[in-house]
Amino acid sequence: MKVLSPILACLALAVVVSHAVLSPEQYWSYKLPNIPMPKAVKEILHPELMEEKSTSVNVGGGGVNVNTGKGKPGGDTHVNVGGKGVGVNTGKPGGGTHVNDPDPFNYLYAASETQIHEDPNVALFFLEKDMHPGATMSLHFIENTEKSAFLPYQTAQKIPFSSDKLPEIFNKFSVKPGSVKAEMMKNTIKECEQPAIEGEEKYCATSLESMIDYSISKLGKVDQAVSTEVEKQTPMQKYTIAAGVQKMTDDKAVVCHKQNYAYAVFYCHKSETTRAYMVPLEGAGGTKAKALAVCHTDTSAWNPKHLAFQFLKVEPGTIPVCHFLPRDHIVWVPK
């Protein structure tokens, strides 16, 4: 029987004790003492903060219109920027959300028929060359109505999270099998159980503590944890990329995407072929935003029928593909 050295045993005990006795906020301060907690995390820890001033980039509702200053009037690039698992909005009653549409941030999946055909001009993705000061975008910042909060680590560890335990999970959260919520939860677990694409590592964090631990384990020392932020909710308006686009990382990062679930679950993946940017936006009405954009420099392992390729008309592995991140997604940047 293998015996841990006294030092390793103490370290293991410290981890267990810290998870058991510290609140999520205290655990953040313990593990990341010099790193400010991003607004997205604060709002998920305290859903009461997500009232009028809580907004996120609209994904399904209006799309992003990127005007690069080239081409014919009205021939702008349309980029849909927004939340997980949201279908394109056709403007028809009931259009917009499709529970069974594949997660656009899971690159193993081909686009569904609804995503491709309901509005071919709206997509989540754009090209890196279109992200520069002076480019204009028509954006709609909407309130994020997904208010599922983090569970404490010890609580989350006791709750099953697997496809073969779905009846038990539905019963625990009083979710009716076959309902919209049940299908969303089922899809989230299914995507979490899928293998990672080549060149990436993935993990679904069911607590803030586990997301912190995963990010540190993959990056070593963390320099920043950042999310998209906007000043206030506004109607659709034109935004201009301002000077000061900041490259956060040139290769390695952990990106965590909020999922649809009964409590806060994040689909995290670590890549060494990712560039992350903080993009300052200035609205025609004076509203300002700082939007996170992630550019993937190697897409060769993505599904060839992924939404990005079908919309941008490019082939896997040929050119960096970018997308903005919704407000409740987080990028972890290494030192």
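Reader: Is Cys-322 buried or exposed?
Author: In this predicted model, Cys-322 is buried, because its relative accessible area is 0%, under the 20% limit.

Reader: Which residue does Cys-322 form a disulfide with?
Author: Cys-322 is bonded to Cys-295, with the sulfur atoms 2.1 Å apart. The pair links distant parts of the chain, Cys-295 in strand β15 and Cys-322 in strand β16, 27 residues apart. Cys-295 is also buried, with a relative accessible area of 0%.

Reader: What is the handedness of that disulfide?
Author: The torsion about the S-S bond of Cys-295 and Cys-322 is about 105 degrees, so the link is right-handed.

Reader: How do β15 and β16 pair?
Author: Strands β15 and β16 are antiparallel, with four bridges between them. Within that pairing, Val-294 has His-323 as its bridge partner. Strand β4 also runs antiparallel to β16, joined by three bridges.

Reader: Which way do the residues of β16 point?
Author: Val-321 and His-323 point one way, Cys-322 and Phe-324 the other, and all are buried.

Reader: How many disulfides are there?
Author: The count is three. One of them joins Cys-192 to Cys-204, with the sulfur atoms 2.0 Å apart; this link is left-handed, at -90 degrees about the S-S bond.

Reader: Changing topic, where is Ser-210 found?
Author: Ser-210 lies in helix α8, residues 208-219. A polar atom of the Ser-210 side chain is 2.9 Å from the backbone oxygen of Ser-207.

Reader: What is Ser-210 in contact with, leaving aside neighbours within four places in sequence?
Author: The contacts of Ser-210 are then Tyr-153, Tyr-203 and Ala-205.

Definitions and conventions: Residues are numbered from 1 along each chain as its sequence is written. This is a predicted model: local features need pLDDT of at least 70, side-chain atom pairs count only at pLDDT 80 or more; totals for chains, interfaces and linings use all residues. Side-chain values use heavy atoms; hydrogens and water are left out. Helices (H or I, at least four residues) and strands (E, at least two) are DSSP runs, numbered from the N terminus. A polar contact is a pair of N or O atoms within 3.5 Å; within protein, one must be able to donate a hydrogen and the other to accept it, and residues adjacent in sequence count only if both atoms are side-chain atoms. Contact means heavy atoms within 4.5 Å. Buried means under 20% relative accessible area, exposed over 50%, partly exposed in between (1.4 Å probe, protein chains only). Two strands pair if DSSP finds at least two bridges between them. A disulfide is a pair of cysteine sulfur atoms within 2.5 Å.
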